[in-house]
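Here is a short briefing to read with the model open beside you.

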Amino acid sequence: METRKVINNRKSVRSYTGEKISESDLQAILKAANEAPVGMGRYENVHLTVIEKPELLQAIEENAARMFGRPDMKPLYGAPVYVLVSAKPTNETMGNVEYSNAAIIVQNMALTAVDLGVGSCYIWGATMALHTRPDLVRQLSLPEGFSPCCGIVLGVTAETYSDRVIPDQRIAINYLK
């Protein structure tokens with residue numbers, strides 16, 4: 001698929017069959033993550049955790065639902081894979097560079113998922129909810145000093161990707177000449 005078509009077709013998929021994607025598709029998506037640009041080329045300050053363990057996925061989902069005050073909520077949408085992007089702050093607190101790095105890594109994975117026909121959805125809320133549960137974060141086996149930033153769920157879906165009509169001026173643009 002060509003780049004502009006992939007960008008236009010990308011959408012958040014929130015329904016999954018429960019079936020895992022192929023190992024080759026997962027590896028292609030993880031390769032795309034590694035191809036993302038990272039601030040100052042400090043790749044040692046980002047980390048990926050591929051979570052496929054059903055009990056851990058359920059615990060992450062229940063934690064987020066509790067944080068949002070909606071016990072019936074399914075913030076991972078039943079996807080069988082959650083790729084968590086974590087970062088090690090260059091200063092004492094997480095800043096723009098760390099979150100920007102994580103976001104572009106997820107974007108690369110999302111665009112590759114579209115190209116492969118794999119369902120995907122950015123995950124922010126459930127990732128932020130992890131910060132309320134240090135015991136849950138410990139189960140992620142993150143390297144020392146790393147903190148969850150964002151993630152993406154992946155899985156087989158019955159949904160399809162198709163062209164979308166997007167207004168050119170959906171985002172306001174200010175020109176300074």
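β2 and strand β4 (residues 147-155) pair in the antiparallel sense over 7 bridges; pairing here requires at least two DSSP bridges between two strands. Ala 87 has Ser 147 of β4 as its bridge partner. This is a predicted model, where local features need pLDDT of at least 70, side-chain atom pairs count only at pLDDT 80 or more, and totals for chains, interfaces and linings use all residues. Residues are numbered from 1 along each chain as its sequence is written, and side-chain values use heavy atoms, leaving out hydrogens and water.

**The sheet**
- An open sheet is formed by 4 strands in the order β1-β2-β4-β3, with antiparallel pairing; strands are DSSP runs (E, at least two residues) and helices are runs of H or I (at least four), numbered from the N terminus.
- At the edges sit β1 (46-51) and β3, each pairing on one side only.
- From one strand to the next, the twist averages 20 degrees.

**The helix across it**
- α4 lies across β1, β2, β3 and β4, and runs at about 5 degrees to β4 (axes are lines fitted to C-alpha atoms, for helices over the stretch in contact, with angles from 0 to 180 degrees between N-to-C directions).

How values were computed. Contact means heavy atoms within 4.5 Å.
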